[in-house]
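I set out below what I looked up in this structure, entry by entry.

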Amino acid sequence: MSRLVVGLDVGTQGVKLIAYDGAARRTLATHGHPLELQAGDDGRREQRAEAWIDAIVACFAQLDAATRARVVAIGVSGQQHGFVPLDAAGRVLAPVKLWCDTSSQRECDEIMAAAGGARRCVEIAGNPILAGYTASKLPWTRRHRPEVYRQLATILLPHDYVNFWLTGEYWMECGDASGTGWLDVRTRRWSMEMLAATDPERDLSACLPPLVVPEASFPIAPAIAGRLDLPRSVRVSAGGGDNMMAAIGTGNIAPRMLGMSLGTSGTLFTHADRPVVDDAARWAAFCTSDGGWLPLVCTMNCTVATESVARTFGFDARDGDASMAGTAPGAGGLVMLPFLNGERTPDLPHARGSLHGMDLDNLTRANLYRAAMEGATYALRHGYEALGTAGLRFDAIRLTGGGSRSANWRQMVADVFALPVDVPLQAEGAAFGAALQALRAHDLAGGDRTELASVVREHVQVDPRLSVRPDPENIARYREPYHRFLRYLDAARSLYANPQAVAAT
């Protein structure tokens, strides 16, 4: 009987499950379950960790008994940066503050000041403490939920918590850990200086689980195997953050390939065989989940912008391409800064979305939807130019995420970036990457030492029907609208540099 692995992706909007037959190179099932987001006017964005577990159980319940009986390994991908606080008994103490939570900007500033400033943080660990990073959530919790902080015994990230639920064991791996703000990405060790800057009165390292190598795997807990109706021999791989797993699942494991995800957030990432750290922190200097490094640009507003416009006008974003009919590059002069959640890249946590260039002719539903799509794409292009200053060069883009299903968006990316675009056959890149990591973990346990890169090359395929090449005419037509976007972005930087002044107006 052929081996079957499961990849789980615990995202912001839902949990995805992929059941993949490695021998047949075929996805047997894909299931999902939605999640609710708790939001506050102060930038708070939270979820219940228990909801993740309920969603995972619901996804497994959709697999028939014969399929569940064939599962040999599970890999878990999770949204980065979330803070799951556990007490000494392993109980969750509070709602999980997520990657898109900007309520702890004050605490970001306090940590960086304690460490000697943003540039000093980069010197110490490779990254400043940006809005959404895990580190800032600790002093926020100490200030706003003191009883939770007093009982805190273990700090986990979202995918770590799912792993703990599956196995009963605590661990982290360097890819997801590099998004906490505490990991020195150059050495792959915890920075005691950054931990002390977060809380000088407490040894936070005692709350952090051990770091494991990417090849690590652990047996599923018997009680959980019973609850999910899985064999007790199932192993759980180390897992990783969703961006790290998406890099594996899209085949982005070698230089000169640019990964792009068009999801709730937008991301650009590439594989590097050395730490790629920027003194000005124009990108995140993360680690991969396969022993390399993952310079990454993250914008906090991507499909959230197009979906918000669609919702406002009463149509489904899946019909967005049809809604844009008759529009052209530049959206008739409309420019949207899609900072509905604040923004991380550029670092404008207090920013809000804005629409510019309106006149009596261009303010239409179609142009507005295109402007949202263009604004999200231009924000990623702005980050791409920063990566170029590090000497990184790219031959093609691997596109994933919900936005990759839009033919218009695929062509727009090819034209704005002037690069060919390919879309992996497996649309759920993060869940598929987790499945491939699980596949390798199972093989390693059986004595097969095949490298992960070889596994990825064997299993990741692109869909030739979705491949697009840049249109030379459109490349030229997007130049002025993009530069117009940059001019409005400069104005937004000035406006939101002083959030107190903005609040007073």
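**Entry 1: Thr102 and its surroundings**

I began with the contacts of Thr102: leaving aside residues up to four places away in sequence, Thr102 touches Asp42, Gly43, Ala131, Met300, Asn341 and Pro349. The model I consulted is a predicted one.

I then asked where Thr102 is placed. Thr102 lies in the loop between strand 8 (96–97) and helix 3 (105–115).

Is Thr102 buried or exposed? I found a relative accessibility of 10% for Thr102. Buried means under 20%, and Thr102 therefore counts as buried.

**Entry 2: the sheet that contains strand 8**

I next examined how strand 8 is joined to strand 5. Strand 5 (residues 45–47) pairs with strand 8 over two bridges, in the antiparallel sense. For Gln47, I recorded Val96 in strand 8 as the bridge partner.

I turned to strand 6 and asked how many of its residues are buried. Strand 6 covers residues 71–78, and eight of its eight residues are buried, so the strand is largely enclosed by the rest of the structure.

I then listed pairings of strand 6, one by one.

- Strand 1 (residues 4–10) runs parallel to strand 6, and seven bridges join the two. Here I found Val5 opposite Ala73 of strand 6.
- Strand 15 (residues 235–237) is also parallel to strand 6 and is joined to it by two bridges. Ile74 stands opposite Val236 of strand 15.
- Strand 16 (residues 240–241) pairs with strand 6 in the parallel sense, over two bridges. Gly78 has Gly241 in strand 16 as its bridge partner.

As background, I noted that strands of a sheet pair through backbone hydrogen bonds, either parallel or antiparallel.

**Entry 3: helix 14**

Last, I looked up the span of helix 14. Helix 14 (residues 365–388) has 24 residues, and from its first C-alpha to its last it reaches 35 Å. I compared this with the 34 Å expected at 1.5 Å a residue, and the span of helix 14 is close to that value.

How many residues of helix 14 are buried? I recorded 19 of the 24 as buried, so helix 14 is largely enclosed by the rest of the structure.

How values were computed. Residues numbered from 1 in each chain as written. Predicted model: local features only at pLDDT ≥ 70, side-chain atom pairs only at ≥ 80, totals over all residues. Heavy atoms only, no water. Helix = DSSP H or I, 4+ residues; strand = E, 2+ residues; numbered from the N terminus. Buried < 20%, exposed > 50% of the residue type's maximum accessible area, 1.4 Å probe, protein only. Contact = heavy atoms within 4.5 Å. Expected span 1.5 Å × (residues − 1). Pairing = 2+ DSSP bridges.
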